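Please read it beside the sequence and the 3D view.

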Amino acid sequence: MLLREPGPEGALFRIVHVDDDGGGFWLFNVAEMGWPERVQRDLLVDRFVTTPPSFAIEYVGPYQLNLSEEVQDSAAAQTSARYWKIVLQLQGDDRGRGLLFKIQRKARIKKAAEDVGVTRPTVVTAIMRFWQRGMNREAVRSDYDNCGAPGKTRSIESGRKVGRPRTIATGVGISVNDDLRRKMRVGADYYLSLRKPSQKRALNYVVELFFSHRQDEAGRPKIVLDDDRPTLKQFSHYLCTHFPENDRFKARHGQKRYDLETRELLGKADQNTKGPGDEFQVDATVADVYLRSQFDRRRIVGRPVIYFVIDVWSRLIVGVYVGFEGPSWIGAMMALTNMVTPKVEYCRQYGIEIDHEEWPAHHAPRSILADRGELMSEKLGSRIVDTLRIQIGNTTSGRGDLKAIVESRFKIVPMLFKPFMPGYVEPDFGTRGARDYRLESAMDLNDFTAAVIRAVLQHNRSKITGIYTPTEMTTDGMSATPLARWTWGIENRSGALRELSYDEVALAVMPRDSARITGNGIKFRGGFYTCDQAEEGRWFWTARNKGGWSVEVSYDPRSLDKLYLWNPKAPRGYEACRLLPPYQELVGKTLFEYEEKELAEKCLAASQAGKLQAQEIETDVALRAIQEGALAKTRDVQERNTSKRAEVAGIGRNRADEKAFQRPIETIDLAPLAEPRANSPAVAPTIEDPPDAYEDDMLSRLESLEEAGNAGK
């Protein structure tokens, strides 16, 4: 028992012995470590009952016992065993009463020192430590774990090399001090860089900067090293003591690789899910198999893309897409629509007959976890959140470990169909001597999709290892298969999951854009469309006469055949728009193909812009020359005193003369040699050449009108 005197500086005593009759208590001062002193029972009781009391019981000792086992045969274990042997001999048969009296104590200490083979101070230290730290076996353990001043840096400023002397290498060496640590920090910064030099190269960098000098020998520079320079072992020790191993890895390889490969794994991927439908993970991979064309099996079309949507809690694969749309929003769009598609009809498209219970997944989750390459679109992502009420989470790029559950399926599922897959790419593909697996391909996209569906069905029926199974599920006699966990989890954890129609999901995940109502139709990406509502409402007539307006449409980037016009008055909230006949060239075209064509036209126009501009300038120059020549000729023959009226008075007669002159020139003559002309077209007609009757009549009328006008004046 421990007794504490009042006050912050009150002494702490331990009762180490009680007389047989209970009349006296022997108290040992824990701090001063003197020999115990006897206190009468009555006096001790009075110190407890006085007001205020001068003694109080202390329930927590100042020394915490180390309960770990000491290493067998170690120096610490041997010291503890020696101390315990001393204590047992000093205690004797009277539980140590003889140690409380000076004469007996002296004799016992002397005998224990002789028997154990230690000095008297060692014996005294053993019994004092026994009384001070709790009077048990653990109280006499050594304090070797406190040796060495752990965590404290030392600096040897005396200049004398400490530590083990060298026996092989020349020189004395250098002791570590603060100055050397500052220099080693320069080498550490060089070592802990993304260039990833070795420790030896980093040490050489330090030696080059601080422990070497240059001198010329026969005109050639030479580096001379100092005798006192740090060793590789000293530099390695500095790195290990000042930079933890995980920090060194992050500095040399980057945070992303550290998180992916070496970080501590203190959680589980499904720790935030309570049942089916809480979270789905979606991801894609390029399959390790080459396929052939559906239209001509002589053509090899490359490797397809596989999308999986998996329920985190049950591990059930709830959505599949197999196609050639790369990991992108379009591929994810197809996987999400398959997620809510009843799987009986889906499997029937590929000749696989199943019951609903074999793949009962056609539900919407509370949240979807994907990576930045698929569901990162802000507009489309927000529409899934707002319209479908599904939360979206995106992992950082290159962090496949954050979607470990769906990532691992790309290793598990292919193992089921790999033995039956001609053209499957083995790891030795591309190495010298390996087979060309592309030539062994035999399946088309439909065949491969059917094989993937079969493998998914088998995966959903197979037992999963390394996953926590609820005790209630085990007592219900259900194994840990994804299908069983899904069924049991819905009944006991999640209840009824939300069901969404194919149209709801398709319209939510399809991209949206603005189209323009014009007099020629609904204009969108180079094509013009129409729909029943536009024709019944005379939209196009209104747009041509009163101006157009914009409308919101959804579209599938893989086909510009149709648009989906959002119309709140339509029965389903939207209306399908079809291409007008003059724009049927867009049928079967993708948005990518249209944009490529549009870009090619712009590039072609840009490449020819310089040539076209040069031609336009040449035309302007030629026209300007013709203009200047005509003006010069006119100025040469024009009379300055002629009035404006006189100049315009004879336009009619002048036109008739010009016409008569031009006729022989423009006459079509298909046989010029057989019937040569009498008059040469180069000779202008004279005044005596008779004009035709019509011209005579017109000339006479003009003259009469002119005379009448002069008479009126």
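The points below are grouped by topic.

The model is predicted. Its five-stranded open sheet runs in the order β4-β3-β2-β1-β5, strand β11 is largely enclosed by the rest of the structure, and the structure holds zero disulfides.

- Pairing in the open sheet β4-β3-β2-β1-β5 is antiparallel.
- Its edge strands, β4 (37–40) and β5 (56–58), each pair on one side only.
- From one strand to the next, the twist averages 45°.
- Within this sheet, β2 (residues 12–18) and β3 (residues 24–29) run antiparallel and are joined by five bridges; Ile-15 stands opposite Leu-27 in β3.
- Helix α1 (residues 41–49) lies across β1 (2–4), β3, β4 and β5, and runs at about 75° to β4.

**Packing of α2 against α4**

- Helix α2 (residues 75–91) packs on helix α4 (residues 120–132) at an angle of about 85°, and their axes are 9 Å apart.
- That angle makes α2 roughly perpendicular to α4, because angles of 65 to 115 degrees count as such.
- On the α2 side, the contact is made by Tyr-83, Trp-84, Ile-86, Val-87, Leu-90 and Gln-91.
- These meet Thr-122, Val-123, Thr-125, Ala-126, Ile-127, Arg-129 and Phe-130 in α4.
- By class, the contact of α2 with α4 has nine nonpolar, three polar and one charged residues.

- Strand β8 (residues 280–286) pairs with β11 in the antiparallel sense over seven bridges, and Ala-284 stands opposite Tyr-307.
- Strand β12 (residues 317–323) also pairs with β11 in the antiparallel sense, over six bridges; here Tyr-307 stands opposite Tyr-321.
- β11 and β12 form a hairpin with five residues between them, and Arg-315 in the turn has a positive phi of about 70°.

**Cysteines**

- The structure holds zero disulfides.
- Cys-577 is in no disulfide, and the nearest cysteine sulfur, that of Cys-531, is 4.1 Å away; a disulfide needs the two sulfur atoms within 2.5 Å.
- Cys-577 counts as buried because its relative accessibility is 2%, where the cut-off is under 20%.
- Cys-240, at 48% relative accessibility, counts as partly exposed.

Methods. Residues are numbered from 1 along each chain as its sequence is written. This is a predicted model: local features need pLDDT of at least 70, side-chain atom pairs count only at pLDDT 80 or more; totals for chains, interfaces and linings use all residues. Side-chain values use heavy atoms; hydrogens and water are left out. Axes are lines fitted to C-alpha atoms, for helices over the stretch in contact, and angles run from 0 to 180 degrees between N-to-C directions. Helices (H or I, at least four residues) and strands (E, at least two) are DSSP runs, numbered from the N terminus. Angles under 35 degrees count as roughly parallel, over 145 as roughly antiparallel, 65 to 115 as roughly perpendicular and the rest as oblique. Contact means heavy atoms within 4.5 Å. Ala, Val, Leu, Ile, Met, Phe, Trp, Tyr, Cys and Pro count as nonpolar, Asp, Glu, Lys and Arg as charged, and the others, Gly among them, as polar. Buried means under 20% relative accessible area, exposed over 50%, partly exposed in between (1.4 Å probe, protein chains only). Two strands pair if DSSP finds at least two bridges between them.
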